[in-house]
Amino acid sequence: MAHDLLLYPVDMSKPPAGVPYGTLDLMILRTLDTMGAQHGYGIARRIEQVAQDALALNQGTIYPALLRLEQKGWIASEWGTSENNRRARFYSITRAGRKQLAAETASWERTVATMTRLLDDRS
Amino acid sequence: MTAIRVLLARILGLFGRRHVDTDLDEEIRGHLDLLTADYMRRGLSAEQARAAARRDFGAVEPMKETYRDQRAFCWLTDAGQDLRFGIRQLPRHPGFAAGIILTLALGIGMVTAVFTVFNAVVLRPLPMPYADRLVGISTTGRAAGPQFVFGPDFVEWRSQTRVFDRMVAYGTDDETLLAPRGPSRVRVADVTEDYWDLAGVRPASGRVPRAGERNEVVLSHLAALRHFGSDANVVGKAVVVDGHPMTIVAVLPPGFRFSLPTGVGVIARRGAEVEVYRPMILSASREGRTPLVSAVARLRPEASIEQGQAELSAMRMRTAHRQPNPMLDDRVLTIRPIKEEVVGSARASLLLMMLAVVCVLLIACANGTNLLLARSTTRWREIAIRTAIGAGRGRMVRQLVTESLVLTSIASLFGVLFASVIVALIVSAFEQSAPRLAESSIDGHVLAVVAAITVLTAVACSVAPALGVRNRVPAEALSAQTATASPSPVGVWTRNLLVATECGLTLVLLAAGGLMLKSVVHMRQYPAGFEPDHVLTMNMQFAGAEYDDGKRQIALAQAVLDTLAHRRGVEAVSLSTHGNLLSALLQVENRPMPRLEGGGLVMVAGMDAPILMTAASSQLPRVLGLHMASGRWLRDAEDAVVVNEALARREFPGGDPIGHRVRLSLNSGPWMTIVGVVSDLKYSKLDASVDPELFFPYTKADVLFGFTTLVRTTGSPDTLAPVMRSVVSEVDATQIGDDVVTLEETLGESIAPRRLNLFLLATFASMSLLLAIIGIFSVLSYVVAQRRHEIGVRLALGASYRQVMRMIVRQGVQTIVPGMLAGAVAAFALRRLMARLLYGVEPTDLLTFSLVTALLATTALLACYVAARRVLQIDWRSALHHD
C-alpha cells in the first residue's frame, strides 16, 4: 500500500486523526471481511465501535481510502438502497482483497511481536 | 499488477469527472443523513444532530480534494517530492556523488561523441530538398569508385524521361583560377542548368547562368572572400578559369556546399570544397569522344527506382538498336539513392564503433550500479523503516530511480561538455576519415538521444538496488545488533556479476584496440629504403591552351625536374603519373588480342583490376627506395618499360617478363622492351594490395594529364616545401604546383578511416580498463569493510595479515577470471566483425590476445592487492567488538 503519512486540516474541536492510512485500509478490509457488504457509514461506525474511542477518526476520511482500495481491486462497489431508503454505494471485499488482508495481518503481527520483544529486552 | 490497475483507474479517472462528483456528493449526503438520524435517536434535536454529524464526518471540501487527487494523476506531486529529496541528499555524500557522476559522465560523454559523428556522417539527410528522392545513375557497373554515364545518353534521357522530374549531369576537377589576387588552384564543378533547382539554392547576389551560356561562372561564398576579399561587388567581374575568360554572374550564400558524390579519379586535391561552378553543356551527338559525366536525378513523388530503371533501360535498348556500340551497350545500368554513395563504407565501421562505445557505457553503468548498491546498503535501515510504516515498495523504488535520475542528469551535463571536446578533437584530427565528418555538431537529435540515454542509464543503475528493497524485512531494521549492513546474498552476487561483466567487456575492447593497433603498425612498416617522411610530393596539372600539346608538357616536366635537382636539400627528384592512366589490357607482342574499336589507351572506368600505366623518370627508385627483383630500371629516353611483380604475376605467370615487348597504346605506338621487374611497394595506399603497374619513361608519353613531382629530401622536408612551389613559378609563371605534402601524410590519409577507428577503440579500451579497475577496487574494498568481523575473528585466531589479504585477493580473482574467460570467448565469437576493421592482421592473433589479457590481469590483480591492503588497517580487537 503505497502512500505517505497525510494529515489534512480538520475541525479544531477534534484532535487530528492519529491513524496512518496504511492502517485505515487494513481496518476497512477487516471490517468488510467480517461484516460483508457495507456502505461508508456502516464501515465507519463499525471501526469506531471496535476501536472503542481509542481512535479519533473523522468519518469522511473513509471515502478516499475506499476509492484507493477500489482502484487497487481489493474491494468492489455496487449501488443499492440504504436503511433509510436512500441510494447508497455498498462496498464488499474481493478475493484479492482477502489475500491482501491476510498478508498485511501477518506483517503487522510480526512487527508487534518484534516490538514486544524489544521493549521486553530494554526493561 | 496492482500498480497497473491503479494506473488504469487513474487514467480513466481523468474522464467523467462531473459524474464522479455528483456520485460522491450523493454518498456524502447519505452518510451525513445516517449520522444525523443516529444522533437524533440518541435524543439530540435536528439542528444539534446535524451539527454533531458534520463534526463527526470532518471537513468535507479537503476530503473531496484528496478524493479527486486519488482519482487522477497525483504521481506528479510524488515525483516532485522525490526529486527534492534526491537533490537535498547530494551534498551529504559528496564523494559518492562525485564518483558516480564522473563514471557516468565518461560513459555518456563517449556515447554522445560517437553518436554525434554517426549522426552527421550516416543519419543526417543530405542538405538538399527532397533528398530522399535523389538517386545517382551510373553505367559503370562497379559497386564502388567513380560512377559515370555517357554524355549523349544523359541528354537523351533528360529530354524523354517521365519518371524523373530533374536530371543533372556534373563533374568536378581541379583547375587554375586567375583572379585579381593572383593565380590559385581551385576545385571547379561543371553542372548542367538544373543543378540549382535540385540543390535548392538561390544565389545571394546575381543570377545563375542561363541555359546555353558557356562563359558564366558562379562563385561560392568562401571563394569570393578568398579571391576578392569580400562577397560584395563580385558579380560582373572577370576571371580566367583554366585559361578561358569567364564572367562571374552570381555568388552563393554562405554555408552552401556542393554535396553530390564525386568520383575519385585523377590525382585530386584532398578535402577541397568546390569554389567555382561552371555550366556544363552536353551534346546529344554520339560521334567522336563521348564525355563521361556523373549523373544525379530526382524521382517524381509517386515514382520508384524500379520504374526509373525500367524507363532508362528501355531507352538504352532503343538506342542500342539504332546505333550499336559494343563497348558501351553491355554496361549495366544502376540507380541508387545518392545518400549511399556519399556515406559509403563509413556506415559499417561507425556502426561497429557505436557498438563498442555502448560497451563502455555498460561498464560505466555497472560501476554506477555498484556505487548505488553500496549506498543503498548503508541506507537500508532507512529504507526498511520507511517501507514498514507504509511507504511501500513501489514508492521506495520510485524514489531510488528519481535519485539516480538526478545523478545521471548531472552526469549527462558533464558528459555533453566532454563530448563536445572529443568531437572537436575528432573533427580537427580526422577530417578525412569519413564523408561529412566536418559537419559533426551536437544538435537537437543528439540531445534527444542523450536525454533517452540518461533515463535508461538511471533506470539501469537502479535495477539492482531496487530489487534489493523488496528483500528487506522490517524486523531486522529495528535491531540494533547489526551496525553495518548485513547484505543479502543477492547483493553480493550482483556486484560480483557486475565486476565479471566489466572485465569481460574490457577484454573485448582491449582485444579490438590491440588488434587495430597492430594492424595500423603493420601497415606502417615500410620496407628498407622507403622513407615516406622524407619524400615530398607536389601535384601539377597543366593549365592553359598551350599545354594541350604533349611535347610542351614533357618539356615543362623536364625543366621542373632539372631545376629541382640542383637545389640544396634535394637528394633525388623524380616524377610519376601514378593513378592518372589505367588500362584494362596489356598488349604483349606475339599474343592474341581481343578485337576492339579505335585506338588509344583505353581509359574506361569500370575495370575490376586495371593496370596502372605510370610515366616515371630514371630517378624514381632513388626517391622511393624501389628494389629491383630482376633486371634494371629505366633510363630517361629509351623505349623500355619496367613492370612490377604484381603485373608480372598476372601477365607472365611462372615466366620471366624480361625481354618481352609491349605497347603502351593498343594497336599503336612503338614496341617497348621490358627490362626489369621491380618489387611491389605500397606507396599510395596502405590498406590495399599493390595494383599491377607498368612504368615507362615520361619522355615517351603522348600526353601527360598531370604529374606528381617527388623529391627525396636530405634533411627535414619543411624547408623544401616552399622551394618546390617557387621552382614551378620560375619555370613558368602561369603554372601552379599544388598540394605539397610528404608522402607520409598521403599514406596516412589513405588509412584515415582506420586511424579514426584506432583512436576511438584505443580511447574506449583505456576508458573501460580504467572503469573496470575502479569497479574491482571498489567492490573489494567493500568486501573488506563488510567482512570486518570475520576478518577480526581470523586474525584473533592466529591468521597473519598476509593470509587474510591473500584470501581477499583470491575472492577478487574468482570474480575476475570467469569474466575474462567470457570476454575472451566473446572476442573470439566476434572475430568476423573485427576482421572488417583490420588489414593484414588476423582477428584471432594470439600475440595480441596474450598481451591484452596479461595487461588486464596485471592491472586487475594490482587493484585487488591495493584493495586488500585495507585489511592492514583493521585492528582485530575493535573488529571483534564492533561487529
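A contact is taken here as heavy atoms within 4.5 Å. On that basis, in this predicted model, residues 24 or more positions apart supply 50% of the contacts in chain A that have a separation of 6 or more. Of the 123 residues of chain A, 41% count as buried. The chain has an accessible surface of about 6700 Å², and carbon and sulfur atoms make up 55% of that area.

Four helices and three strands are found in chain A, arranged along the sequence in the pattern α-β-α-α-β-β-α. The strands of chain A form an open sheet in the order β1-β3-β2, with antiparallel pairing. Its edges are β1 (38-39) and β2 (75-81) of chain A, each of which pairs on one side only. Between β1(A) and β3 of chain A (residues 87-93), which run antiparallel, there are two bridges. Within this part of the sheet, H39(A) lies opposite F90(A) of β3(A).

Helix α3(A) packs on the sheet through contacts with β2 and β3 of chain A, and its direction makes about 120 degrees with that of β2(A). The helix spans residues 62-72 of chain A and is largely enclosed by the rest of the structure, because 10 of its 11 residues are buried, a state defined as under 20% relative accessible area. The buried residues of α3(A) are I62(A), Y63(A), P64(A), A65(A), L66(A), L67(A), R68(A), L69(A), Q71(A) and K72(A). After α3(A) comes G73(A), which has a positive phi, near 85 degrees.

Technical notes: Residues numbered from 1 in each chain as written. Chains lettered and ligands numbered in written order. Predicted model: local features only at pLDDT ≥ 70, side-chain atom pairs only at ≥ 80, totals over all residues. Heavy atoms only, no water. Buried < 20%, exposed > 50% of the residue type's maximum accessible area, 1.4 Å probe, protein only. Pairing = 2+ DSSP bridges. Axes fitted to C-alpha atoms, helices over the stretch in contact; angles between N-to-C directions. Areas by Shrake-Rupley, 256 points an atom, 1.4 Å probe, with all protein chains shown as cover.
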